[in-house]
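Let's take a friendly walk through a protein model together. Have a look at the sequence and the fold below, then read on.

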Amino acid sequence: MADELSAELLEQLDQLLLRERTALLHGDLDEIGAMTAQKQALVQRLEQQRDQIPHDLGARREKLLRNQALLANAMQGIRAVETRLTELRRLRAGLETYDRDGRRSHVPAQRSPRVEKRV
């Protein structure tokens with residue numbers, strides 16, 4: 001009975017890791033967030049069955065590490081976008097430059113209420 005429960009929990013972990021990988025590859029951050037509670041509950045159940053779980057979890061460890069790397073790369077991409085958007089907002093306000101004496105000078109951006117159409 002305990003062995004069956006452990007096998008079922010490990011199968012659920014495999015399925016969750018596969019779903020997580022798919023969500024990471026598709027950039028589905030909402031799905032990844034929704035899986036957090038499921039993952040925590042599954043880990044707690046696995047902790048309770050620790051004695052019945054086989055010690056060789058190499059394949060699952062590889063899946064966990066793979067997903068962790070994907071998540072780290074996704075976070076790095078999100079930070080890069082955030083940095084770029086911050087730079088664009090700053091540029092929209094104007095340009096920072098220096099005069100010949102080395103003093104910082106702000107050149108305000110010209111905001112036109114109309115859109116320029118080039119033909």
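Helices (H or I, at least four residues) and strands (E, at least two) are runs assigned by DSSP, and they are numbered from the N terminus. In this predicted model, the protein chain has three helices and two strands, arranged along the sequence as α-α-α-β-β.

Here are the elements and their residues:

| Element | Residues |
|---|---|
| α1 | 2-26 |
| α2 | 29-48 |
| α3 | 58-93 |
| β1 | 94-98 |
| β2 | 104-108 |

What about the overall shape? The C-alpha trace spans about 80 × 40 × 20 Å along its principal axes. The radius of gyration of the chain is 25 Å, whereas a compact globule of 119 residues would have one near 14 Å. Of those 119 residues, 15% count as buried.

Which residues make up the largest nonpolar core? There are twelve, including L9, L13, L16, I32, L42 and I53. Two or more core residues come from each of α1 and α2, and α1 gives the most, with seven. Beyond its neighbours within four places in sequence, L42 is in contact with L9, Q12, L13 and L16. In soluble globular proteins, nonpolar side chains tend to be buried together.

Now to α3. This helix has 36 residues and reaches 53 Å from its first C-alpha to its last, close to the expected 52 Å. After α3 comes G94, with a positive phi near 150 degrees.

Finally, β1 and β2 run antiparallel and are joined by five bridges; in one of them, L95 is partnered with V107 of β2. Five residues lie between the strands of this hairpin, where G102 takes a positive phi near 90 degrees.

Terms used: Residues numbered from 1 in each chain as written. Predicted model: local features only at pLDDT ≥ 70, side-chain atom pairs only at ≥ 80, totals over all residues. Heavy atoms only, no water. Pairing = 2+ DSSP bridges. Expected span 1.5 Å × (residues − 1). Core = buried A, V, L, I, M, F, W, Y, C linked by side-chain atoms within 4.5 Å. Buried < 20%, exposed > 50% of the residue type's maximum accessible area, 1.4 Å probe, protein only. Contact = heavy atoms within 4.5 Å. Rg over C-alpha atoms; globule rule 2.2 N^0.38 Å.
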